[in-house]
Amino acid sequence: MIDLHIHTTFSDGTYTPSEIIDMSLKKGLKIISITDHDTLEGIISANERAEKERIKIIPGIEFSTDYDGKEIHILGYFIDVKNEKLNIRLKELKKDREERTLKILEKLKGYRINITMDDIQKEVTGNLISRTHIASAMYKKGYVFSRKEAFLRYIGAGGAAYVQKENISPGEAVRIIKESGGLAFLAHPKFIPYGEKKIKELIQELKKDGLDGIEVYYYGHEKKDIEYYKRIAEEFGLIMSGGSDFHGGNREEVELGEVFVPDEVYEKMIERMESK
Ligand code: AMP
Ligand code: MN
Ligand code: MN
Ligand code: MN
């Protein structure tokens, strides 16, 4: 009934917000959140329909941040999409993405992979470039057999043409979300490339910035992971979030609404919003 982690064409998903709403209604989802990477355009577009439909759409975002050279994602919910500071920062991040893409293309050239900005623009469906679009361009031009291969060999962390994003720290992302009136969550903790000790340190640090919770229910989390992250949430006095991380055809392993998210997750979020 609940899916709080969904990407649209405004970042690197393959369905528009309107299509996501149609699909959610068909599946009987009651509460969803559009959480595009570094952009609010999907929410603004969804809101045009949301009020008429029997579905609750929480305004969301997923920030890609850098922590000691590794990628950490921070989810924000109930943010004010008109917040000025948030919008200015997002504009800067969008520009950083363009510069990063140019650096990646330059590195790819070193491996005789000739992809141009035009090739990538053909893949971009919103106003923001993601590595997903670079992977699609590489795949379509026959340089790799799959998008996954593009990440593994070239553009993913540790790949030959990987370029680190260095633009925003997880702490800053949490603070921006809080200043925009929202709730901040550490996304898919299982996929943070650090050990338990460092992740706990990170959580402790982010709590000082106002972190509200962690994403416990997630498509890549097995039962034992869910139990583990539930305990971590309790240990640190945090609440939980959850969702599928649906990307449509850009991530075929998971369907919209496929991850079980208990009602309690939403209730606790509302409680926390009301107690602010
Ligand atoms: P970016 O936001 O430009 O850094 O691109 C990150 C996006 O690429 C993520 O949100 C995922 O959707 C996708 N991605 C990252 N790593 C992989 C991978 N190994 N295989 C497939 N997609 C990936
Ligand atoms: Mn993505
Ligand atoms: Mn993520
Ligand atoms: Mn995501």
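**A guided reading of the metal sites**

Guide: Along the chain, the donor residues of the manganese ion (ligand 4) follow the spacing H-x1-H-x54-E-x182-D. Please bear in mind throughout that this is a predicted model.

Visitor: Which residues and atoms coordinate the manganese ion (ligand 4)?

Guide: A metal site is read by listing its donors. The manganese ion (ligand 4) is coordinated by His5 (NE2), His7 (NE2), Glu62 (OE) and Asp245 (OD), at 2.1 to 2.2 Å. Among these, Glu62 in strand 3 and Asp245 in the loop between strand 7 and helix 10 are 183 residues apart, and the pair links distant parts of the chain.

Visitor: Are Glu62 and Asp245 buried or exposed?

Guide: The threshold needed here is that a residue counts as buried under 20% relative accessible area. Glu62 is buried because its relative accessible area is 1%. Asp245, with a relative accessible area of 3%, is therefore buried.

Visitor: What is to be noted about the backbone of Asp245?

Guide: Phi of Asp245 is near 60°, a positive value in a residue other than glycine. Another such case is Asp68, with phi near 50°. Asp68 is placed in the loop between strand 3 and strand 4 (70–77). Asp68 counts as exposed because its relative accessible area is 58%, the cut-off for that word being over 50%.

Visitor: What does His188 touch, leaving aside residues up to four places away in sequence?

Guide: A list of contacts shows which parts of the chain meet at a residue. With those sequence neighbours set aside, His188 touches His5, Glu62, His73, Glu215, Tyr218, His221 and Asp245. The side chains of His188 and His73 are also joined by a polar contact of 3.4 Å. His188 counts as buried because its relative accessibility is 9%.

Visitor: Where does the manganese ion (ligand 2) lie in relation to the manganese ion (ligand 4), and which residues coordinate it?

Guide: The manganese ion (ligand 2) and the manganese ion (ligand 4) are 5.0 Å apart. The manganese ion (ligand 2) is coordinated by Asp12 (OD), His37 (NE2) and His247 (NE2), at 2.1 to 2.2 Å. The spacing of these donors in sequence is D-x24-H-x209-H. His37, in the loop between strand 2 (31–34) and helix 2 (41–50), and His247, in the loop between strand 7 (239–243) and helix 10 (263–274), are 210 residues apart. Both His37 and His247 are buried.

Visitor: Which residues surround ligand 1?

Guide: Ligand 1 is surrounded by Asp12, His37, Arg97, Arg100, Ser130, Arg131, Thr132, Phe151, Lys165, His247 and Arg251. An oxygen atom of ligand 1 is 3.1 Å from an N or O atom in the side chain of Asp12. For Arg100, a polar side-chain atom is 2.9 Å from an oxygen atom of ligand 1, and for Ser130 the corresponding distance is 3.4 Å. Of the 500 Å² of accessible area that ligand 1 has on its own, the protein covers 80%.

Visitor: How many residues does the largest nonpolar core have?

Guide: In soluble globular proteins, nonpolar side chains tend to be buried together. The largest nonpolar core here has 65 residues, and those with the most contacts inside it are Phe63, Ile74, Leu186, Ile203, Ile214 and Met269. Strand 3 (residues 56–67) gives the most to this core, with 5 residues. Another core, of 18 residues, lies apart from it and includes Leu105, Val144, Tyr154 and Ala161.

How values were computed: Residues are numbered from 1 along each chain as its sequence is written. Chains are lettered from A and ligands numbered from 1 in the order in which they are written. This is a predicted model: local features need pLDDT of at least 70, side-chain atom pairs count only at pLDDT 80 or more; totals for chains, interfaces and linings use all residues. Side-chain values use heavy atoms; hydrogens and water are left out. A nonpolar core is a set of buried Ala, Val, Leu, Ile, Met, Phe, Trp, Tyr and Cys residues joined through side-chain atoms within 4.5 Å. Buried means under 20% relative accessible area, exposed over 50%, partly exposed in between (1.4 Å probe, protein chains only). Helices (H or I, at least four residues) and strands (E, at least two) are DSSP runs, numbered from the N terminus. Donors are N, O and S atoms within 2.8 Å of the metal (3.2 Å for Na, K and Ca); water is not among the atoms, so sites may look incomplete. A residue is near a molecule or strand if one of its heavy atoms lies within 4 Å of it. A polar contact is a pair of N or O atoms within 3.5 Å; within protein, one must be able to donate a hydrogen and the other to accept it, and residues adjacent in sequence count only if both atoms are side-chain atoms. Accessible areas come from the Shrake-Rupley method with a 1.4 Å probe; for residues, only the protein chains shown count as cover. Contact means heavy atoms within 4.5 Å.
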